[in-house]
Amino acid sequence: MTWYYAQGDQRQGPISESELDALIAAGTVNENTLVWKEGMANWTPLKEARPSGPGAEVPAGWIKCTATGRYFPPEEIVYLDGKPYSAAAKGAVLQGVLQTGTLPVSETERNGPAWENRQQLGPFPAIWETIRGVLLEPNATFTSMRRHGGLGTPMLYYVILGWISGLAQLAYQFFSHTGFAVFAKNPNPVLQMMGTTTFIVVWAVLMPAFLILGSFISAGILHLSLMICQGAKQPFETTYRTYTYVRGSAAALLLLPVPLLGQNLATGWAFICGIWGLVCMCIGVARTQEITTGRAVLAVLLPLIVCCVALVFLGMTVGFAAAFAGQAGHH
Amino acid sequence: MTWRRLRPGEIDHEAIWLGVSLCSLAGAWFWLYFALPIPACSFHQWTGLPCPTCGVTRCLRYAFHRDWWAAVGTNPLAFLGYGLIPLYDLYAAVVLLFRLPRLRFESVSTRVGNIIRYTAIAAIAANWAWLVWMRV
């Protein structure tokens with residue numbers, strides 16, 4: 001049985017069943033890739049053309065390969081780190097171990113983080129589990145993160161947490177009377193007339209739009225950086241999903257009432273949150289793009305090296321104060 | 001490089017980046033019009049030298065005032081970027097409006113990829129050298 005698969009508008013193949021398995025294990029073909037074989041009327045996504053899940057006819061005793069998601073007879077299976085892998089996944093397993101030090105996981109096993117399953121878990125437990133997973137167990141969380149499935153779900157997570165965190169920062173700024181002096185001194189009469197309170201309300205309402213805009217720009221810069229570092233093994237969608245889950249979770253850290261303990265502690269806490277966010281971002285990018293941690297670190301830090309403005313954007317993400325307390329500067 | 005229609009469920013990059021660039025333009029205009037504070041360059045403060053992105057705001061400000069030569073001199077790479085964005089926006093608006101096939105780079109060879117990669121790095125480095133030389 002020979003298969004053909006679509007790569008862009010190009011038809012690739014013919015390839016054998018085992019070669020198709022190897023391509024699935026390597027990530028070249030995924031469950032949504034259009035495939036065709038003789039006898040099929042149309043090109044169909046792999047998951048429908050060759051189902052390997054519970055709905056398919058699987059001979060008794062066959063074991064599911066962790067990398068390809070397909071079932072194989074026991075004699076074709078080896079166990080690595082307690083997980084079953086088929087011979088077809090040999091290339092992907094070796095590459096994964098050599099490059100990232102981890103064993104590959106099939107797309108079907110990538111169903112996290114918890115926010116992706118909020119219908120089953122409920123929104124609040126899903127948010128809590130996602131924050132906990134991303135910040136405390138980033139390796140496991142991003143190894144099982146869905147790399148496809150649209151931008152809306154992770155964007156919603158990021159906007160919810162970013163907005164709540166931003167409003168908390170805004171409230172702190174307002175009640176501690178810091179950070180807004182710049183508007184009183186602003187030469188523009190419109191701003192002076194608006195006053196601080198009006199501006200806060202307008203800013204609070206517009207914040208989700210700025211968060212969404214910022215998320216696309218920042219994730220886009222991160223993806224460009226990955227391309228320069230030869231680390232963009234997955235499309236922009238994967239980078240965006242990783243970025244928003246990390247940034248949303250890091251924003252949640254700022255909800256802790258540290259600012260109430262004093263300005264210096266608040267600044268220190270924002271710095272710690274920023275650094276930990278970077279660490280989680282490096283781990284997340286390495287696990288979702290399946291590249292070495294060193295390459296992921298280079299890609300994450302490259303925008304900070306090339307563009308020190310990105311440092312300021314990072315500060316804006318972790319603390320509203322950083323953006324408004326700054327003086328008119330060199331840029 | 002191929003021209004093809006979007007597949008079901010595929011991300012519409014043209015719509016996303018057209019929206020992002022237009023919103024960014026509106027935001028930049030708002031920021032500059034109301035003379036809101038612009039964060040200082042930490043690199044410049046620490047070293048006395050411009051960083052690779054120093055001058056991007058001034059470049060935009062000059063461009064808004066149609067002072068093209070001043071804009072180019074302030075940050076040539078940023079000026080080039082600002083020039084390419086309207087071209088991309090025009091392309092995106094046309095393909096979205098008339099539901100035309102989209103431009104996609106499905107399989108870039110390693111050689112071409114490396115040429116683009118090293119050209120980008122060289123352009124950033126050359127631009128930075130210009131900024132340092134001109135004391136932007």
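## Overall make-up of chain A

Chain A has 14 helices and eight strands, where helices (H or I, at least four residues) and strands (E, at least two) are DSSP runs numbered from the N terminus. The model is predicted, so that local features need pLDDT of at least 70 and side-chain atom pairs count only at pLDDT 80 or more, while totals for chains, interfaces and linings use all residues. Residues are numbered from 1 along each chain as its sequence is written, and chains are lettered from A and ligands numbered from 1 in the order in which they are written.

Of the 331 residues of chain A, 39% count as buried, a residue being buried if 20 or more other C-beta atoms lie within 10 Å of its own, exposed if 12 or fewer, and partly exposed in between, with C-beta atoms placed from the backbone. Among contacts in chain A (C-beta atoms within 7 Å) between residues at least 6 apart in sequence, 61% join residues at least 24 apart.

## A four-stranded sheet in chain A

Four strands of chain A form an open sheet in the order β2-β1-β3-β4, with antiparallel pairing; two strands pair if DSSP finds at least two bridges between them. Because β2 (10-15) and β4 (44-45) of chain A stand at the edges, each with a single partner strand, one side of each is left without a neighbour in the sheet. Strand β3 (residues 34-37) of chain A pairs with β4(A) in the antiparallel sense over two bridges, and A:Val35 stands opposite A:Thr44 in β4(A).

## Packing of α10 and α11 in chain A

Helix α10 (residues 236-253) and helix α11 (residues 263-289) of chain A pack at an angle of about 155 degrees, with their axes 9 Å apart; axes are lines fitted to C-alpha atoms over the stretch in contact, and angles run from 0 to 180 degrees between N-to-C directions. α10(A) and α11(A) are therefore roughly antiparallel to each other, the term applying to angles over 145 degrees.

Residues that meet across this pair include A:Tyr245 and A:Leu253 in α10(A), and A:Trp276 and A:Met281 in α11(A). By class, the contact of α10(A) with α11(A) has nine nonpolar, six polar and one charged residues (Ala, Val, Leu, Ile, Met, Phe, Trp, Tyr, Cys and Pro count as nonpolar, Asp, Glu, Lys and Arg as charged, and the others, Gly among them, as polar).

## Features of chain B

In helix α3 (residues 56-64) of chain B, the buried residues are B:Val56, B:Thr57, B:Cys59, B:Leu60 and B:Tyr62, and what covers them includes α1 (13-33), α4 (68-74) and α5 of chain B. Just after α3(B), B:Arg66 takes a positive phi of about 60 degrees.

B:Arg99 lies in the loop between α5 (76-97) and β2 (102-104) of chain B, and counts as exposed because it has 8 C-beta neighbours inside 10 Å.

Methods
Two residues are in contact if their C-beta atoms, placed from the backbone, lie within 7 Å. Angles under 35 degrees count as roughly parallel, over 145 as roughly antiparallel, 65 to 115 as roughly perpendicular and the rest as oblique.
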